[in-house]
Amino acid sequence: MSDSTIDTSQDAQAAQPFMQAHGICKSFQSAAGRETVLGAVQVSVGLGEVLAITAPSGAGKSTLLKILGTLETPDAGTLRCGGEIVDFRNRRQLAQLRARSIGFVFQRFNLVPFLDAQENVELPLKLRRMPRQQRRCQAQAALALMGLESKRAAMPATLSGGEQQRVAIARAIVGAPSLLLCDEPTGSLGEQAGQQIFELLHTFAHAHRRAVVLVTHNESLARQATRRLYLHNGALQGHAP
Ligand SMILES: Nc1ncnc2c1ncn2[C@@H]1O[C@H](COP(=O)(O)OP(=O)(O)OP(=O)(O)O)[C@@H](O)[C@H]1O
Ligand SMILES: [Mg+2]
């Protein structure tokens, strides 16, 4: 495994780093033996930027995003959020951090199948113990932003792939988290809808000073990000491999 070769000149330009990962390693056991997916990943993402990460399938993008979102524990390395070291052993602190500061658009959406679209979007606000009426208003506004006013009462199974993806995005942004982690958020959308979502994420980052990490296979969107990194051989680098 090669050393991380992140483009530090670009990294240093990122104003007000919100999330900083240092020496992140992760390997999994497979039939062929222990497979290293991430080897000493270094990355920081600042408030006000959209950081795009691209790599071929199986390179470890989702694994990295899950670690940045504290949903997966790294084998080694440290994560700092708002300057504080994240303690992966403290489940309660992790849950609080996620509820307060992190929004996640999962690659497979992960909508709760027995809750309707509106209830799915309200979930992060419920975790913050927001009063019901306020929750409903915010969730409706997020769904409207995604063009899904008419689908508020729809169950996930009745929605198209693109609609499910937009519900998942609404759920991730509804609480205006400081860090938004998006795992191929436009994968089920057409070109035009994908571009619109990108612009929304861009506005979210720039106008509202949030940090957005965008994992994408879409070259055109990756090029429009504030900054772009490539995951290659388990490390992030600033140039195409
Ligand atoms: N929980 C797990 N247990 C075992 N292996 C895993 C686990 N999670 C991920 N992997 C392996 O780690 C590698 C990277 O997976 P990951 O999902 O991070 O890739 P990816 O870059 O997101 O791919 P894609 O573009 O297809 O979504 C794969 O070989 C996968 O099989
Ligand atoms: Mg993935």
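View 1. Helices (H or I, at least four residues) and strands (E, at least two) are DSSP runs, numbered from the N terminus. Leucine 181 stands opposite valine 213 in β8. The open sheet holds six strands in the order β6-β7-β8-β3-β9-β10, with mixed pairing; two strands pair if DSSP finds at least two bridges between them. At the edges are β6 (102-105) and β10 (235-237), each of which pairs on one side only. On average, neighbouring strands of this sheet are turned by 20 degrees against each other, direction ignored. Helix α6 packs on the sheet and touches β6 and β7, its direction making about 175 degrees with that of β6. Angles run from 0 to 180 degrees between N-to-C directions, and axes are lines fitted to C-alpha atoms, for helices over the stretch in contact.

Residues are numbered from 1 along each chain as its sequence is written, chains are lettered from A, and ligands are numbered from 1 in the order in which they are written. For this predicted model, local features need pLDDT of at least 70 and side-chain atom pairs count only at pLDDT 80 or more, while totals for chains, interfaces and linings use all residues.

**View 2. Packing of helix α4 on helix α6.** Helix α4 (residues 117-127) packs against helix α6 (residues 161-173) at an angle of about 30 degrees, with the axes 7 Å apart. That makes α4 roughly parallel to α6 (angles under 35 degrees count as roughly parallel, over 145 as roughly antiparallel, 65 to 115 as roughly perpendicular and the rest as oblique). From α4, Ala117, Asn120, Val121, Leu123 and Pro124 meet Val167, Ala170 and Arg171 of α6; contact requires C-beta atoms, placed from the backbone, to lie within 7 Å. The residues of this contact divide into six nonpolar, one polar and one charged. Ala, Val, Leu, Ile, Met, Phe, Trp, Tyr, Cys and Pro count as nonpolar, Asp, Glu, Lys and Arg as charged, and the others, Gly among them, as polar.

**View 3. Packing of helix α4 on helix α5.** The angle between α4 and helix α5 (residues 132-145) is about 120 degrees, and their axes are 9 Å apart. That makes α4 oblique to α5. On the α4 side, the contact includes Ala117, Gln118 and Val121, and on the α5 side Arg135, Arg136 and Leu143. By class, it has six nonpolar, three polar and four charged residues.

**View 4**

**View 5. The four-stranded sheet.** Four strands form an open, antiparallel sheet in the order β2-β1-β4-β5. β2 (33-46) and β5 (84-85) are the edges, each with a single partner strand, so one side of each has no neighbour in the sheet. Arginine 80 in β4 is the bridge partner of glutamine 20, and isoleucine 85 in β5 is the bridge partner of arginine 80. In the hairpin of β4 and β5, with two residues between the strands, glycine 82 takes a positive phi near 60 degrees.

Notes:
Two residues are in contact if their C-beta atoms, placed from the backbone, lie within 7 Å.
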